[in-house]
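Subject: Structure for your review

Dear colleague,

Please find the structure below, handed over for your review. My findings follow it.

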Amino acid sequence: MIVWLNGTHGVGKTTTADLVQQLIPDSRVFDAEKVGETLMDVRPGLPATDNFQNWRPWRQLVVETAQRILDYTGGTLVMPMTVLVEAYWREISQGLASYSIPVHHFVLHADQDTLRGRIQNDSEMGPSSFRFRYLAPYEKAFQGWLRNEARIIDTTELTPGQAASVIVEEIQDAAYPREALG
């Protein structure tokens, strides 16, 4: 199974992913951004783009890599990765479905003021123009397709640990609905 943590840059996906991984036995974190970094190292470079997600091989390799890891290790992959383009999400999710890999898709969400404050005051990365640049595209995706494609975890008032607990509880509830236990 895959637990995909979506949401804009700076919302806390990586921190939350590490905490989710600690709560799910036999799980690993797979950061699909590393696939993009590998593709950025191809020489001579691939066609110019402002986002490696625009390269079809990135989307295909994310699916193939996730499938290969799960085939090798079993268990659960926790994947913190922003995907804001609906067609890209469809390609990835359909690719994973073709391998019969169940995906629990969550969006870590916070209001724009909270996000701006988190980005501005990030003690590890510092203020990031890259992260600020994705706030508007995130909001557009969230108001459009994204909110209908995932379970929304509003992190405005939650710590990463609380968000991780909510995610794991929702996965457990999906696997063992309370009505069925009743």
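Helices, as named here, are DSSP runs of H or I with at least four residues, and they are numbered from the N terminus. The model is a predicted one.

I begin with a residue in one of these helices. Ile92 belongs to helix H4, which spans residues 86-98. Is Ile92 buried or exposed? Its relative accessible area is 0%, and the cut-off for a buried residue is under 20%, so Ile92 counts as buried. Beyond its neighbours within four places in sequence, Ile92 is in contact with Trp4, Trp58, Arg59, Val63 and Val83. Val63 is 29 residues away from Ile92 in sequence, yet their C-alpha atoms are 6.1 Å apart in space.

Strand S3, residues 76-80, contains Thr76. Thr76 has a relative accessible area of 7% and is therefore also buried. Leaving out residues within four places in sequence, the contacts of Thr76 are Met1, Val3, Ile24, Asp26, Ser27, Arg28 and Leu70.

Not counting residues up to four places away in sequence, Ile2 touches Ala66, Leu70, Leu77, Met79, Leu96, Ile101, Pro102, Val103 and His104.

Helix H5 covers residues 112-120, and its buried residues include Gln112, Leu115 and Ile119. Because these three cover an arc of only 60° around the axis, they lie on the same side of H5. Among the elements that cover the buried residues of H5 are helix H6 (129-133) and helix H7 (135-149).

The largest pocket holds about 1,100 Å³. It is lined by 43 residues, of which His9, Gly10, Lys13, Thr14 and Arg131 are the closest to its centre. Which helices each supply at least two residues of this lining? They are helix H1 (13-23), helix H2 (33-40), H6, H7 and helix H8 (160-175).

With kind regards

How values were computed: Residues are numbered from 1 along each chain as its sequence is written. This is a predicted model: local features need pLDDT of at least 70, side-chain atom pairs count only at pLDDT 80 or more; totals for chains, interfaces and linings use all residues. Side-chain values use heavy atoms; hydrogens and water are left out. Buried means under 20% relative accessible area, exposed over 50%, partly exposed in between (1.4 Å probe, protein chains only). Contact means heavy atoms within 4.5 Å. The arc is that of the directions from the helix axis to the C-beta atoms. On a 1 Å grid over the protein atoms alone, a cavity is a set of points where a 1.4 Å probe fits but cannot get out, and a pocket is an open set with protein on both sides within 12 Å along at least five of seven lines; lining residues have an atom within 4 Å of a point. Grid points are joined across faces, edges and corners, and a volume is the space filled by probe spheres set on the points.
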